[in-house]
Amino acid sequence: MISPVLTVAPFAVHAPVARARHWRAALLLLPFLILLAMFSLAPAAWILVSSVQVEESWSLANFRDILGSAFYRQAFANSLWISIWSSLAGLGIGLLASASLKRVDCALRELMVAFTSMASNLSGVPLAFAFIILMGSNGAATLLLRRWGLLGDFNLYSQAGLTLIYSYFQIPLALLLLYPAFDALQDDWRDAAALLGASHFTYWRRVALPVLMPAVLGTFILLLANALGANASAYALMTSNYNLVTIRISSLVAGDIALEPNVAAALAVMLMALLVLVVAVNQFLMKRSYHAR
């Protein structure tokens with residue numbers, strides 16, 4: 001009979017070797033962890049500490065002032081309004097574009113995906129400058145459309161104009177996130193639904209959308225987080241003339257109106273909490289999507 005000690009011994013010999021390989025592989029993550037600590041964790045910790053400091057004492061007065069100020073509440077309302085509507089616009093157009101890409105020629109599909117990847121990187125100051133040239137008060141498209149009587153009283157330097165710019169950089173991101181989700185839809189399902197008497201609308205309502213819903217909701221949440229944290233495009237277009245949370249943070253830190261870094265830190269903490277909530281909901285939806293598959 002073979003002794004139990006002899007059967008366990010080979011595993012005991014190889015265990016230290018496997019553990020050593022595991023730690024050598026983990027060391028490759030050390031540069032990333034250092035960068036994460038320096039540029040993400042340390043600034044976040046500094047913001048948390050600064051948000052509860054008032055004249056070298058610990059206090060929640062900054063948060064009370066923000067919640068009690070109609071001006072700051074308006075900043076959060078404006079940020080949420082633009083973020084929600086631009087995310088819905090990006091999601092709707094991204095859904096239609098993703099569904100269309102699955103039915104076009106492969107070469108055209110690859111060209112469109114490459115163009116979308118390039119367009120998703122056009123944001124911030126260059127995007128605002130491009131919109132000012134095209135659709136500003138004296139922009140090329142503005143003058144042309146007004147001559148044809150198609151533009152009306154549209155003003156780029158307004159909430160509607162800012163929503164349009166946000167929607168522009170939301171659409172490519174939505175397309176890149178939703179396009180792979182359509183691989184879960186099988187062509188046989190459409191044929192089977194048609195054989196059972198289901199219309200095109202019924203197929204999408206009863207079969208396709210339930211399968212795509214976790215990806216759709218997750219994409220919407222990521223678009224919402226992307227819009228809430230955007231600052232460069234809005235500041236380049238409106239400077240401090242429109243009340244957004246990110247613009248208020250930058251103005252309080254830069255001292256355009258008043259230099260109050262602790263209030264800016266409190267605003268950043270509240271925005272971070274909102275973004276963390278959004279990301280947590282996204283992770284929950286992604287887990288549900290994974291288990292459903």
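1. In this note, buried means under 20% relative accessible area, exposed means over 50%, and partly exposed lies in between, using a 1.4 Å probe and protein chains only. By that scale Leu209 counts as partly exposed, because its relative accessibility is 33%. Leu209 has its place in helix H10, and its C-alpha atom is separated by 9.7 Å from that of Leu185, 24 residues apart along the chain.

2. A word on the basis of these values: the model is predicted, so that local features need pLDDT of at least 70 and side-chain atom pairs count only at pLDDT 80 or more, while totals for chains, interfaces and linings use all residues. Residues are numbered from 1 along each chain as its sequence is written, and side-chain values use heavy atoms, with hydrogens and water left out.

3. The chain contains 13 helices and 2 strands, where helices (H or I, at least four residues) and strands (E, at least two) are DSSP runs numbered from the N terminus. Of its 293 residues, 32% count as buried. The chain exposes about 18100 Å², of which carbon and sulfur atoms supply 70%; accessible areas come from the Shrake-Rupley method with a 1.4 Å probe. Taking contact to mean heavy atoms within 4.5 Å, 67% of the contacts between residues at least 6 apart in sequence join residues at least 24 apart.

4. Two packed helices are described by the angle between their axes and the distance between the axes. Axes are lines fitted to C-alpha atoms, for helices over the stretch in contact, and angles run from 0 to 180 degrees between N-to-C directions. Angles under 35 degrees count as roughly parallel, over 145 as roughly antiparallel, 65 to 115 as roughly perpendicular, and the rest as oblique.

5. Helix H6 (residues 125-135) and helix H8 (residues 159-178) have axes that come within 11 Å and cross at roughly 125°, which makes H6 oblique to H8. On the H6 side Leu127, Phe131 and Met135 take part, and they meet Leu164, Ile165, Tyr168 and Phe169 in H8. This contact has 7 nonpolar, no polar and no charged residues, with Ala, Val, Leu, Ile, Met, Phe, Trp, Tyr, Cys and Pro counted as nonpolar, Asp, Glu, Lys and Arg as charged, and the others, Gly among them, as polar.

6. Ser233 counts as buried, because its relative accessibility is 5%.

7. Helix H9 (residues 187-195) packs with helix H10 (residues 200-228) at an angle of about 140°, their axes being 10 Å apart, and the two are therefore oblique to each other. Trp189, Arg190 and Ala193 in H9 meet His200, Tyr203, Trp204, Val207 and Val211 in H10, and the residues of this contact divide into 6 nonpolar, 1 polar and 1 charged.

8. For helix H4 (residues 70-101) and helix H12 (residues 245-254), the axes come within 8 Å and cross at roughly 135°, so H4 and H12 are likewise oblique to each other. From H4, Phe71, Tyr72, Ala75, Phe76 and Ser79 meet Val245, Arg248 and Leu252 of H12, a contact with 6 nonpolar, 1 polar and 1 charged residues.
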